[in-house]
Amino acid sequence: MLDPFDRKILMLLQRNTDQSVSEIADEVGLSATPCWRRIRKLQEQGYIKKRVALLDETKLNVGVSVFMAIRTNQHTEEWSQAFVRAVGEIPEIVDVFRLAGEIDYMLRAVVPDIATYDRVYKRLISKLDIHDISSMFAMETIRSSTELPLDYA
């Protein structure tokens, strides 16, 4: 169970990992050493998986997000493992979710244009027998966040 200090530390780190421990400690109301110990403990306990830089998709020329709704008629362990391998080999596919309901998987790919997406699509279908893929192109990103709610921990 997280206490209010831990929650505030996590909130600050989710917003900006560039802050120094002393800056975080000041905002949380702790001295630097206990704050550093808490951060280390949160990492050891797996609350903090890793620290990364969030890159600008447009500057990297991958500003087109394509959502791929996939239905399969094969629900075997073999097919599932082949699917995981296949999507892992395509760097443009950045999110993969297994779903309940009519759609089995939802993927998000980032590409510069439709022609590049077509190549991604062809790579994927060359690796797997997929029953149906429906592609949807995002027209606008209204909200996208990496910050998780902390009220439930």
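Contact here means heavy atoms within 4.5 Å. The model is predicted, so local features need pLDDT of at least 70 and side-chain atom pairs count only at pLDDT 80 or more, while totals for chains, interfaces and linings use all residues. Residues are numbered from 1 along each chain as its sequence is written, and side-chain values use heavy atoms, with hydrogens and water left out.

**Figure 1. Overview of the predicted protein and its order of elements.** The protein contains five helices and four strands, where helices (H or I, at least four residues) and strands (E, at least two) are DSSP runs numbered from the N terminus. Along the sequence these elements follow the pattern α-α-α-β-α-β-β-α-β. The C-alpha trace spans about 55 × 35 × 25 Å along the principal axes of the protein. The protein has a radius of gyration of 20 Å, whereas a compact globule of 153 residues would have one near 15 Å; the radius is taken over C-alpha atoms, and the globule rule is 2.2 Å times the number of residues to the power 0.38. Among contacts between residues at least 6 apart in sequence, 64% join residues at least 24 apart.

**Figure 2. Surface and burial in the protein.** Of the 153 residues, 29% count as buried. Buried means under 20% relative accessible area, exposed over 50%, and partly exposed in between (1.4 Å probe, protein chains only). The accessible surface comes to about 10600 Å², and 51% of this surface belongs to carbon and sulfur atoms.

Figure 3. K8 belongs to helix α1 (residues 4–15). With a relative accessible area of 33%, K8 is partly exposed. Not counting residues up to four places away in sequence, K8 touches E27 and V28.

Figure 4. T72 is found in the loop that joins β1 (64–71) to α4 (77–88). Why does T72 count as buried? The relative accessibility of T72 is 8%, and therefore T72 counts as buried. Beyond residues up to four places away in sequence, T72 touches W79, D104, Y105, D129 and H131.

**Figure 5. F137 in strand β4.** Strand β4 (residues 132–137) includes F137. F137 has a relative accessible area of 33% and is partly exposed. Leaving aside neighbours within four places in sequence, which residues are in contact with F137? They are V64, S65, V66, I114 and Y117. The C-alpha atoms of F137 and I70 are separated by 15 Å, and these two residues are 67 residues apart along the chain.

**Figure 6. E147 in the segment after β4.** E147 is located in the segment that follows β4. At 35% relative accessibility, E147 is partly exposed. E147 touches Q14 and R15, residues up to four places away in sequence not being counted. A further pair is E147 and M11, 136 residues apart along the chain, whose C-alpha atoms are separated by 7.7 Å.

Methods: Accessible areas come from the Shrake-Rupley method with a 1.4 Å probe; for residues, only the protein chains shown count as cover.
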